[in-house]
Amino acid sequence: MPVPRVRRWKPLALAAAAVLAGITVPATATATTSPVPAPAVTAVSAYDDTYYKDALGKTGPALKSALHTIISKQTKLSYSQVWDALKTTDQDPANSANVILLYTGTSRSKSSSGGDQGDWNREHVWAKSHGDFGTTTGPGTDIHHLRPEDVTVNSIRGNKDFDNGGGTVSGAPGNLTDGDSFEPRDAVKGDVARMILYMAVRYDGADGFPDLEPNDRVDNGSAPAIGRLSVLKQWSDEDPPDAFEKNRNQVIFDKFQHNRNPFIDHPEWVEEVW
């Protein structure tokens with residue numbers, strides 16, 4: 001059943017925007033802080049004149065191809081380097097010793113990275129089994145879709161496709177899951193969608209990696225596909241980029257991979273490509 005489109009402000013916007021504006025935020029601020037509109041982190045128009053200049057004016061396959069060429073120019077990280085990168089890209093704006101976990105939205109110590117219960121680990125938003133690319137340098141280490149997450153919640157999500165519905169995820173209020181799909185909390189639905197669509201544009205079968213594509217089904221198994229596309233498009237529309245997501249994109253560009261997620265800079269391109 002289609003879900004009504006309702007725009008939501010992201011809960012992390014206040015803390016992220018405050019840090020960017022130089023405002024002090026109480027250390028107790030969490031993902032449940034009252035939402036407010038967030039300012040843009042960067043002037044996207046500057047990148048239109050430079051980074052995106054070869055994509056402007058294009059639509060459909062031509063736009064997708066142009067964006068692929070643009071974002072494929074990147075520095076690649078090893079899987080071990082991802083640990084330190086995520087401590088910077090996902091740093092809690094209210095507590096520099098912590099990272100914000102993707103699905104739970106909670107703040108956890110950077111030092112609690114690992115594989116034990118209570119730790120956070122590296123969640124592949126595009127599940128690595130969907131195309132069997134593993135953790136080798138490339139899609140398996142691309143931090144545009146790798147995020148910190150609680151070990152247990154990461155295991156619950158597993159390699160499920162994304163869709164609406166299911167039962168409550170223990171330890172992660174606002175997230176739902178069933179036998180073949182996972183629905184993230186409202187505040188990061190758009191983040192998840194834009195990460196998936198970035199991967200589909202960046203990895204098109206070249207460089208020895210599979211051609212990753214979204215489709216409109218679940219239970220994709222090991223195919224280099226993930227769904228549901230119609231739901232992901234809806235999530236991107238309902239949950240536009242906030243200050244935290246934009247800042248993350250900028251940090252990846254400036255400090256690590258030196259490429260951008262175009263759907264954060266230009267969310268309208270989701271509809272243009274798909």
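Good morning. I shall begin with the chain as a whole. The protein chain has 274 residues, and buried residues make up 53% of them. Its secondary structure consists of 10 helices and 11 strands. The chain exposes about 11,200 Å², of which carbon and sulfur atoms supply 53%. Among the contacts with a separation of 6 or more, 65% are accounted for by residues 24 or more positions apart.

A word on confidence is needed, as this is a predicted model. The mean pLDDT of the protein chain is 88, and 84% of the residues reach 70 or more. One stretch calls for caution: over residues 1–43, pLDDT stays under 50. The model has 72 contacts beyond four places in sequence for that stretch. Where pLDDT is low, the predicted coordinates should not be read in detail.

I turn now to the aromatic residues. How many aromatic pairs does a search of the whole structure find? The search finds nine. One of these pairs is formed by tyrosine 47 and phenylalanine 253, whose ring centres are 5.5 Å apart. Their planes stand at 90 degrees, so this pair is edge-to-face. Where do the two partners lie along the chain? Tyrosine 47 belongs to helix H2, residues 44–48, while phenylalanine 253 belongs to helix H8, residues 243–256. The pair therefore ties together parts that are 206 residues apart in sequence.

Are these two residues buried or exposed? Tyrosine 47 has a relative accessible area of 15% and is buried, because the limit for that class is under 20%. Phenylalanine 253 also counts as buried, at 18% relative accessibility.

Tyr47 and Phe253 belong to one aromatic cluster together with Tyr51, Tyr52 and Trp269. Arginine 260 lies over the face of tyrosine 47, at 4.0 Å from the ring centre. Arginine 260 also lies over the face of phenylalanine 253, in this case at 5.0 Å from the ring centre.

Next, the sheets. Strands of a sheet pair through backbone hydrogen bonds, either parallel or antiparallel.

E1, residues 91–92, pairs with E2, residues 95–100, over two bridges. A hairpin through two residues joins E1 to E2. E2 then pairs with E3, residues 107–109, over three bridges. These two strands also form a hairpin, here with six residues between them. In that turn, glycine 105 has a positive phi of about 75 degrees.

Which residue in E2 is the bridge partner of glutamine 91? It is valine 99. Valine 99 also stands opposite arginine 108 in E3.

A second open sheet has four strands in the order E6-E9-E8-E7, and its pairing is mixed. The edge strands here are E6, at 161–162, and E7, at 167–168, each pairing on one side only. E7 and E8, residues 176–177, run antiparallel and are joined by two bridges. Within this pairing, glycine 167 has threonine 177 in E8 as its bridge partner.

Finally, I should like to point out some features of the backbone. A cis peptide bond joins glycine 227 and arginine 228, with omega at about -5 degrees. Arginine 228 has its place in the loop between strand E11, at 225–226, and helix H7, at 229–238.

Two aspartates have a positive phi. For aspartate 132, phi is near 50 degrees, a positive value in a residue other than glycine. This residue lies in the loop between strand E4, at 120–124, and strand E5, at 146–150. Aspartate 132 counts as exposed, at 58% relative accessibility.

For aspartate 207, phi is near 60 degrees. Aspartate 207 is found in the loop between helix H6, at 189–202, and strand E10, at 213–214. With a relative accessible area of 49%, aspartate 207 is partly exposed; the exposed class begins over 50%.

That concludes the presentation. Thank you.

How values were computed:
Residues numbered from 1 in each chain as written. Predicted model: local features only at pLDDT ≥ 70, side-chain atom pairs only at ≥ 80, totals over all residues. Heavy atoms only, no water. Phe/Tyr/Trp six-rings, centres within 6.5 Å; stacked < 30°, edge-to-face > 60°. Buried < 20%, exposed > 50% of the residue type's maximum accessible area, 1.4 Å probe, protein only. Lys NZ or Arg CZ within 6 Å of the ring centre and 35° of its normal. Pairing = 2+ DSSP bridges. pLDDT = per-residue confidence, 0-100. Contact = heavy atoms within 4.5 Å. Areas by Shrake-Rupley, 256 points an atom, 1.4 Å probe, with all protein chains shown as cover.
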